[in-house]
Amino acid sequence: MLSRIAESMFWIGRYVERAEDTARILDVQTQHILEDAATDVETACRSLLAVMGVEIPPTEKVGLPQMLDMLAYDTTAPTSMAYALGAARESARGARETLSVPLWEALNTTYRAIPAGQFKHMRAPFIFGWVRDRVAQINGTADATMMRDESWQFLMLGRYVERDDMTSRLVATTSLTSAGGASQWNSTLRACGAYDAFLRVNKGVETEQAAAEFLLLDRIFPRSVVHALQRAEGALDTLEGTTRRAGFTDEAHRLIGRMRASLEYRSLHDLLADLPAEMERLQVTCAEATEAVTKRYFAGAEALAWQPV
Amino acid sequence: MSQIFDAYETRDPAYDEMFVGSELRPPYQRLGDSLGRLSASELISRVEAMQASYLDQGVTFDIGGEERAFPLDIVPRVIERDTWATIDKGVQQRVKALELFLADVYDEGKVFDDGVIPREVITTSSHYHRAAAGVHPPNGVRVQVSGIDLVRDNTGEFRVLEDNVRVPSGVSYVMTNRRAISAALPEAIAEHRIRPVANYPQKLLAALRAAAPAGVADPNVVVLTPGVYNGAYFEHALLARTMGVELVEGRDLVCRNGQVLMRTTKGLAPVHVIYRRIDDEFLDPVHFRPDSMLGCVGLIDAARMGNVTLANAVGNGVADDKLVYTYMPDIIRYYLAEDPIIKNVDTWRMGDASSREEVLDRLDELVLKPVDGSGGKGIVIGPAASARELEVLRGKILEDPRSWIAQPVVQLSTVPTFTDGSLGARHVDLRPFAVNDGDKVWVLPGGLTRVALAEGELIVNSSRGGGSKDTWVLAGPTSSRPSGRGQSQGQSQTQGVA
């Protein structure tokens, strides 16, 4: 397929996932900030913004409204849900002949709520549910109508790379404030829709370690870090399409595989010793893997010179 | 009983296609009855549903960077079978003549030697490209797609307003309009037998494949678009999707050793036929505008070497030149030995001293058009222009007479159109699309009806705020049955299938 279209598919996957994950993180964090009297609102907002990659100068006042603006409503802030939905639709617009018609319409009607003014009038927490519902519709439509060809693999690759990146941020926000103890981890699990599954797996025993293990390492829970890494590897594997005698030739594949191994083949204790640093490493891996995929698949002719066969 | 047509007034002397006085014309009887059964509020809610669905589907047109839903009017335009048969034949004749003319112009130029048209008319045209001279398209076709604009004069006769054999646009709306009207007026659709329009992409693909370079058995066909910010991007995407081919931008292509290749995830893949939706001037910075980022370096050389086919061919613009238009009746007689089936609109060339004198005397009664304009740009309608505008125009004509033609104000026919909550007579034209695969010129039954949404406005281009109508070509004969306005009750039993 065309390199440009492949790139669009990858970014549709990323932006749609980013919108959903941002909604999940905000849902949990705003609730937490409002409910917990002990939390200093300004500090909590600042640290959440920092985790999402927004630095606010110390002279500026930051409260819930400012934070919601940056992460939900502001169409010009690259961290906001509005921006992610707009960017997903803009990518889709350039790949319109490749998307199934229902998928394009699902993306377009979602986006249309923003210029039409509906979006900015939706309040928290209603808006978080709305975004999750719309994303569920987009993903469901994609699942039901897209061919499982290369374009699908790029869509999946984008989705799972983004999910890794965002789950790592969600885990990081939790460990930042883990003075809250198990209850904080519970809300993180809830944000991932993982609480019930977690209880079932752990027979009702709630500990911080068990929660972290579940979110990081569970192989069959779809929003865990390791599961998302596995799926990203799977997509890269299908894209490469050749049987290998030894090792991996694809740089992105190597990066992601190495990251997964380093999570899976270490003791939990070791892993939890410095969780924020570990999560940052995961984010760096996602960025590097994206760069490698871009070089190999999206650069077209240039890739030939770069990737001698 | 509904009154939606009660306040409708025709605009004399323009030909109204639906009504003569208060009587429905025969082709519109069924439609008039069917619409008459709708209340005004029902009609409004259907119009709103239709507009919302266009926005959701992204059936849009860019005007100055803003994405708008392409305005579709709810009242279809009906063309009866026999009238269409004439249009069909007339368009075929015109395309055949244009093909022969272009082949001649870029080769021997017999048409000049035989005195049909002066050579300088062609060589002074801004659309004449030497790069196209001596190129022989693989199956001889230069005009894979044409959109010849027709209007109906005050007597109802169809006339050719202009030829478009470069990159005519609008066919996607023909297809989406039909689907939208089927949803909005299911009763009316069911009561008519309408010739389908949905097979256009297959016809186009067949014509493009037939134009592949010699020796290529399974050609890779692509659609070349300027990108998402182009006004007609929606159409480019729709055509690529419905033909099942890639939609490429200039940056997706690369030329190596006279071959055109596209950048894919698996390296470079050869391209054989390019249905390009980019004007000649932007195709290749080597031959044309060096600042163009839309095309691809080396494209023209690859085409000249016969390794890739550009459709439509480069240089077709000379046939769109409005000065060449004035010679078309002679050109048709010269190549085909037939009289034109569809006449031109009467036209004066400003290059002729005697015509110029006459026209300059009555500028305020005529329409003046720049010969290389498109999209309604630069047109001055005398009766609507101020004295100052006419003075400026006079200066321009005297300065460069070759660049202007004059025509009488053709009052384009009218069809009832829904604007601001009521039905009013609005002027329309018709662009039938024809596809030439080298064996046959196929005319899409219907084509794009464009409608000027402002009252009295005669320029219908979408870039000037025009809308469109679904255009129904009836498959069966039209029975003549007297029917007055709003006589809708008790007809339904007699109205099965025609």
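Guide: Let's start with helix α3 of chain A, which covers residues 64–73. In this predicted model, the buried residues of that helix are A:Met67, A:Met70, A:Leu71, A:Ala72 and A:Tyr73. What do the buried residues of α3(A) pack against? Their partners are five other helices of chain A: α1, α2 (41–51), α4 (81–94), α6 (118–121) and α7 (126–145).

You can follow A:Leu215 yourself: if you leave aside its neighbours within four places in sequence, its contacts are A:Thr167, A:Val171, A:Thr188, A:Leu189, A:Cys192, A:Ala194, A:Ser224 and A:Val225.

Now let's move to where the two chains meet. Here 19 residues of chain A are in contact with 20 residues of chain B. On the chain B side, the elements that give two or more residues are the helices α2 (40–57) and α9 (233–243), together with the strands β10 (246–248), β12 (259–264) and β13 (267–270). The residues on that side of chain B are nine nonpolar, six charged and five polar.

Five of the six residues in β12(B) are buried, so the strand is mostly covered. With β11(B), strand β12(B) makes an antiparallel pair over four bridges, and one of these places B:Arg256 across from B:Gln259. With β13(B), the pairing of β12(B) is again antiparallel over four bridges, and here B:Leu261 has B:Pro270 as its bridge partner. Two residues lie between β12(B) and β13(B), and the two strands form a hairpin.

The hairpin of β11(B) and β12(B) has two residues between the strands, and there B:Asn257 takes a positive phi. The value is about 50°, although B:Asn257 is not a glycine. Is B:Asn257 buried or exposed? It counts as exposed because 9 C-beta neighbours lie inside 10 Å, and the cut-off for exposed is 12 or fewer. The C-alpha atom of B:Asn257 is 40 Å from that of B:Asp149, a residue 108 places away along the chain.

You will find B:Ala337 in the loop between α13 (328–336) and β16 (343–344) of chain B. B:Ala337 is exposed, because 7 other C-beta atoms lie within 10 Å.

While you are in chain B, look at two cis peptide bonds. One runs from B:Asp12 to B:Pro13, with omega near 5°, and B:Pro13 sits in the segment before β1 (19–20) of chain B. Another joins B:Ala311 and B:Asn312, with omega about -5°; B:Asn312 belongs to the loop between β15 (309–311) and α11 (317–320) of chain B.

Chain B also holds an open sheet of three strands, in the order β6-β23-β24, with antiparallel pairing. At its edges are β6 (145–147) and β24 (441–443) of chain B, each pairing on one side only. Neighbouring strands of this sheet are turned by 25° against each other on average, direction ignored. Helix α8 of chain B (residues 200–210) packs on the sheet and touches β6, β23 and β24 of chain B, with its direction at about 35° to that of β23(B). Strand β23(B), residues 433–436, is joined to β24(B) by three bridges, and B:Asn436 stands opposite B:Val441.

Finally, a word on confidence. The model has an ipTM of 0.77 and a pTM of 0.85. In chain B the average pLDDT is 88, and 93% of the residues score at least 70. Residues 486–498 of chain B fall below 50, and this stretch has 18 contacts in the model beyond near neighbours in sequence. Where pLDDT is low, predicted coordinates should not be read in detail.

Definitions and conventions
Residues numbered from 1 in each chain as written. Chains lettered and ligands numbered in written order. Predicted model: local features only at pLDDT ≥ 70, side-chain atom pairs only at ≥ 80, totals over all residues. Pairing = 2+ DSSP bridges. Axes fitted to C-alpha atoms, helices over the stretch in contact; angles between N-to-C directions. Contact = placed C-beta atoms within 7 Å. Nonpolar A, V, L, I, M, F, W, Y, C, P; charged D, E, K, R; others polar. Buried ≥ 20, exposed ≤ 12 C-beta atoms within 10 Å, placed from the backbone. pLDDT = per-residue confidence, 0-100.
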